[in-house]
Amino acid sequence: MQTQRLRIAIQKKGRLSKECQDLLKRCGVKFNMVGERLVVHAENMPIDLLLVRDDDIPGLIMDGVVDLGVIGENELEEVGLERAARNEASDYIKLRRLDFGGCRLSIAIDKDADYNGPQDLNGKRIATTYPQLVKRYMDDIGVKFTTCMLNGSVEVAPRAGLADAICDLVSTGATLEANGLKEAEVILRSKAVLIQSTTAISNDKQALIDRLLTRMQGVIQAKE
Ligand code: ATP
Ligand code: ZN
């Protein structure tokens, strides 16, 4: 369902939302976030913002439901692998890596465990929200493992006896430490990215995207 207005999906509430809204504002997009709306119309440009859970953004792009999206590479790659495994469309255009949302996806183990390298993960059960990314990494290095899928509280899984290790997002490492864990391997370094659907769009919309990108370039460079 094509619309005249450019649709941009952003995280409604969470670690990416504030910086994402700030970036759009600095690029000259005027909007007013009020209440619990799913769609917010920009006041000065033909742009609609869709406020959704970050998990939904890759699919909205890959299905061509929205034109642009801002999403963490961790989520984007996980969903892409998951969809590809189900033979669903998983393509997108990466327009730009952004200067926020930085984190790493790491495997962590008991802080007192002896660790000499990835071979020590052989046969372990790893609790994670990112089973596809863990599988890609472990298959690449040829280490066998099993997963335990958890959508929350991943870091307590070892202590709770649900898993031997975890694979989760880390920024400072404080959460790991608080849970008696230490980082063993970094499997992905992630940032927020601006992505576009591969669905054909009008010249007007593409021109607007190009204009936004140029402004974004300026805004991000000015901060560096
Ligand atoms: P939603 O309700 O939208 O599903 P969420 O709980 O899945 O939110 P957030 O915790 O808000 O997601 O994180 C969104 C993204 O922010 C992550 O996928 C990741 O790309 C990025 N991020 C940056 N630093 C961290 C961190 N320390 N921990 C988790 N995510 C981080
Ligand atoms: Zn999420």
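Which residues touch the most other members of the largest nonpolar core? I opened the predicted model with that in mind.

**Largest core.** I found 25 residues in this core, and Ile-8, Val-70 and Ile-195 touch the most other members. I then listed the elements that give two or more residues to it: strands β1 (6-11), β3 (47-52), β4 (68-72) and β11 (192-196), plus helices α1 (17-26), α2 (57-62) and α3 (73-85). The top contributor is β1, with four residues.

**Ligand 1.** I counted 15 residues around ligand 1. Gly-14, Arg-15, Gly-72, Cys-103 and Ser-171 come nearest. I sorted the shell by class: seven polar, five charged and three nonpolar residues. Why does ligand 1 lie between domain 1 and domain 2? Because domain 1 (6-101 + 191-223) and domain 2 (103-190) both give residues to its shell.

**Ser-90.** I located Ser-90 in the loop between α3 and β5 (93-97). Ser-90 has 19 other C-beta atoms within 10 Å, so it is partly exposed; buried would take 20 or more. Not counting residues up to four places away in sequence, Ser-90 touches Met-62, Gly-80, Arg-83 and Ala-84. I also checked Val-79, 11 residues from Ser-90 along the chain: their C-alpha atoms are separated by 8.0 Å.

Notes. Residues are numbered from 1 along each chain as its sequence is written. Chains are lettered from A and ligands numbered from 1 in the order in which they are written. This is a predicted model: local features need pLDDT of at least 70, side-chain atom pairs count only at pLDDT 80 or more; totals for chains, interfaces and linings use all residues. A residue is near a molecule or strand if its C-beta atom, placed from the backbone, lies within 6 Å of it. Ala, Val, Leu, Ile, Met, Phe, Trp, Tyr, Cys and Pro count as nonpolar, Asp, Glu, Lys and Arg as charged, and the others, Gly among them, as polar. Domain bounds come from an automatic or database domain assignment. A nonpolar core is a set of buried Ala, Val, Leu, Ile, Met, Phe, Trp, Tyr and Cys residues joined through C-beta atoms within 7 Å. A residue is buried if 20 or more other C-beta atoms lie within 10 Å of its own, exposed if 12 or fewer, and partly exposed in between; C-beta atoms are placed from the backbone. Two residues are in contact if their C-beta atoms, placed from the backbone, lie within 7 Å.
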